[in-house]
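Reader: Hey, I'm new to this one. Can you walk me through it?

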Amino acid sequence: MITSKDKYIKTSGLIIDARSITQLIYINAVFGKLFSSNNTFLIWKGSKNDLKLASKLFKIPKNFYIFDINSSDKNLAFNFKNVRQIKNLCKKIIKNNRSNTLCTCFASGFYFDFLKNLLQINDNDVIQFDDGLINGFVQKKKYRLLRFLVNLIHGVYYFPSKYALFSDQRFNKIFTSINPKNIVDIKNKNIFNITELVTSSFIKLSNKYVDIKMPGSALIMTAPTIEGGRMTKGEYRKLILLVYSKLKNFGVNEIYLSKHPSEKKISDSLYKKLGFNFRYINYPSELIMLNKNISL
């Protein structure tokens with residue numbers, strides 16, 4: 001267990017790989033003071049509007065680049081245009097500063113591997129943060145030989161590790177608020193508990209930016225189940241109507257909506273028809289949940 005994070009934040013260059021506002025809040029909770037440094041660079045994998053919202057909540061690094069692309073392994077494997085964009089950005093960053101620390105909440109997949117290798121980041125200079133609960137699960141990587149060949153096609157020489165995320169043997173610096181105990185080879189990991197820092201950040205942001213007046217309000221957090229092929233549009237509609245009916249039976253009058261960053265606008269017409277409140281639709285659900293008037 002790490003007793004102090006200080007020795008890990010003295011870096012001549014900090015690169016942040018963030019794909020959601022929640023991820024950025026986690027990293028900001030620890031490295032917020034470095035966000036103003038000229039040597040801090042944010043690689044934002046998301047929409048311009050989401051980054052604009054993040055900039056309203058706290059000060060983001062002035063050096064940032066936006067990748068509003070589909071970074072799934074299936075899409076990126078043979079998307080030479082998007083990979084070329086990644087290569088060009090990495091060349092630009094290392095040209096100015098070749099000594100860097102990379103912070104990420106998802107150290108797995110082609111997108112991360114391309115960034116890490118093209119930025120010439122050493123394994124020991126990668127710091128992993130939480131991304132919800134997924135980092136607490138032990139995941140073995142599939143199709144490692146195929147992934148190796150895809151990496152070679154794009155000029156990246158790297159044979160994938162056996163495990164993903166926190167259990168990846170390459171990386172031993174973990175800043176977490178969930179503190180999982182089942183990490184593979186956990187005895188060789190440096191784990192820092194950031195629960196207090198993260199909780200404090202969420203509470204401050206919620207108190208400042210989330211204003212819900214009606215007691216007994218509810219929050220619906222939706223997910224990209226249609227986009228991910230896990231449900232049909234009809235099945236998803238049926239589920240939402242069922243949840244809506246249950247909430248009404250509980251006497252809830254105001255229902256706030258928080259959408260996952262990967263969810264498109266497929267169901268927006270249904271949400272509007274049911275009268276969901278869109279005021280905080282793109283806010284991290286954690287900020288809304290902390291409001292005293294959210295009961296369900």
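**A walk through the model**

Author: Let's start with Arg230, which sits in the loop between β8 (218-222) and α8 (233-249). Helices (H or I, at least four residues) and strands (E, at least two) are DSSP runs, numbered from the N terminus. Before we go on: this is a predicted model, where local features need pLDDT of at least 70 and side-chain atom pairs count only at pLDDT 80 or more, while totals for chains, interfaces and linings use all residues. Residues are numbered from 1 along each chain as its sequence is written, and side-chain values use heavy atoms, with hydrogens and water left out.

Reader: Okay, so is Arg230 buried or exposed?

Author: Arg230 counts as exposed, at 55% relative accessibility. Buried means under 20% relative accessible area, exposed over 50%, and partly exposed in between (1.4 Å probe, protein chains only).

Reader: And what does Arg230 touch?

Author: Pro224 and Thr225, leaving aside residues up to four places away in sequence. Contact here means heavy atoms within 4.5 Å.

Reader: Where's Ile266, then?

Author: Ile266 is in the loop between β9 (255-259) and α9 (268-273). With a relative accessible area of 33%, Ile266 is partly exposed. Not counting residues up to four places away in sequence, Ile266 touches Ile226, Glu227 and Lys233.

Reader: How many residues apart are Ile266 and Glu227 in sequence?

Author: They are 39 residues apart in sequence, and 8.7 Å apart in space, C-alpha to C-alpha.

Reader: Switching to helices. What's up with α1?

Author: 11 of the 11 residues of α1 are buried, so this helix is largely enclosed by the rest of the structure. Among the buried ones are Ile21, Gln23, Leu24 and Phe31.

Reader: How does α1 pack with α7?

Author: Helix α1 (residues 21-31) and helix α7 (residues 195-209) pack at an angle of about 115 degrees, and their axes are 9 Å apart. Axes are lines fitted to C-alpha atoms, for helices over the stretch in contact, and angles run from 0 to 180 degrees between N-to-C directions. The crossing of α1 and α7 is right-handed. A crossing is left-handed if the near helix is turned anticlockwise from the far one by less than a right angle, and right-handed if clockwise.

Reader: Which residues make that contact between α1 and α7?

Author: From α1 you have Thr22, Ile25, Tyr26, Ala29 and Val30, and from α7 Leu197, Val198, Ser201, Phe202 and Leu205. By class, the contact of α1 with α7 has 8 nonpolar, 2 polar and no charged residues. Ala, Val, Leu, Ile, Met, Phe, Trp, Tyr, Cys and Pro count as nonpolar, Asp, Glu, Lys and Arg as charged, and the others, Gly among them, as polar.

Reader: And how do α5 and α6 cross?

Author: Their axes come within 11 Å and cross at roughly 45 degrees. α5 and α6 are therefore oblique to each other. For the cut-offs, angles under 35 degrees count as roughly parallel, over 145 as roughly antiparallel, 65 to 115 as roughly perpendicular and the rest as oblique. The crossing of α5 and α6 is right-handed. Gly109, Phe110 and Phe114 in α5 meet Arg147, Val150 and Asn151 in α6. The residues of this contact of α5 with α6 divide into 3 nonpolar, 2 polar and 1 charged.

Reader: What does Ala77 touch?

Author: Ala77 touches Phe110, Val150 and His154, again not counting residues up to four places away in sequence. Ala77 is in the loop between α3 (73-76) and α4 (80-96), and at 7% relative accessibility Ala77 counts as buried.

Reader: Which residues have a positive phi without being glycine?

Author: Gln120 is one of them, with a phi of about 60 degrees. Gln120 lies in the loop between α5 (109-118) and β5 (126-129) and is partly exposed at 44% relative accessibility. Tyr143 also has a positive phi, near 55 degrees. Tyr143 lies in the loop between β5 and α6 (144-153), and counts as exposed at 62% relative accessibility.
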